[in-house]
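Subject: Model handover

Hello,

Here is the model you asked about. My notes follow below it.

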Amino acid sequence: QVQLVESGGGLVQPGGSLRLSCVASGSLGSIYVMGWYRQAPGKQRELVASIPRGGGPMYGAFVKGRFTISRDSGKNTVNLQMSNLEPDDTAVYLCHAAIATVATGPEDYWGQGTQVIVSS
């Protein structure tokens, strides 16, 4: 069984910063991709940032240089440093990973989500 546990969400004023972290644990085999998606009320889930094993990061178009994703493969963690936050960044942020276990090929796993609220 694989678990993704997020931390670091909260309330921040416009222009502020937050750092999100996600740790993968359980019956891990190979972690191919780790990243973050977000979902705001009434909107579709969208990619925030992802980083594949051995590859470069990808960002959603709305990020515009404000966020930085990093991955520590040795600790099975992925972090998202968010700066210059805007009210439109308000959403539930979900950790995602594509993981192959000893019994299966790569499958998608999701965390429970962490709420980010950007408001004055």
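Asn 79 counts as buried because its relative accessibility is 12%; buried means under 20% relative accessible area, exposed over 50%, and partly exposed in between, with a 1.4 Å probe and protein chains only. This is a predicted model, so local features need pLDDT of at least 70 and side-chain atom pairs count only at pLDDT 80 or more, while totals for chains, interfaces and linings use all residues. Residues are numbered from 1 along each chain as its sequence is written, and side-chain values use heavy atoms, with hydrogens and water left out.

Asn 79 sits in strand β8. Strands (E, at least two residues) are DSSP runs, numbered from the N terminus. The Asn 79 side chain makes a polar contact with the side chain of Ser 21, at 2.8 Å. A polar contact here is a pair of N or O atoms within 3.5 Å; within protein, one must be able to donate a hydrogen and the other to accept it, and residues adjacent in sequence count only if both atoms are side-chain atoms. Leaving aside residues up to four places away in sequence, Asn 79 touches Arg 19, Leu 20, Ser 21, Trp 36, Thr 68, Ile 69 and Ser 70. Contact means heavy atoms within 4.5 Å.

Now the sheet. Four strands form an open sheet in the order β1-β3-β8-β7, with antiparallel pairing. Two strands pair if DSSP finds at least two bridges between them. The edges are β1 and β7, each pairing on one side only. β3 and β8 run antiparallel and are joined by 6 bridges. Cys 22 stands opposite Val 78 in β8.

That cysteine is also in a disulfide. Cys 22 is joined to Cys 95, S to S 2.0 Å; the criterion is a pair of cysteine sulfur atoms within 2.5 Å. The pair links distant parts of the chain, with Cys 22 in strand β3 and Cys 95 in strand β9, 73 residues apart. The torsion about the S-S bond is about -85°, so the disulfide is left-handed. Both Cys 22 and Cys 95 are buried. The count comes to 1 disulfide.

Last, the core. The largest nonpolar core has 30 residues. Such a core is a set of buried Ala, Val, Leu, Ile, Met, Phe, Trp, Tyr and Cys residues joined through side-chain atoms within 4.5 Å. Trp 36, Val 48, Phe 67, Val 78, Leu 80, Met 82 and Tyr 93 have the most contacts inside it. The largest share, 5 residues, comes from β9.

Best regards
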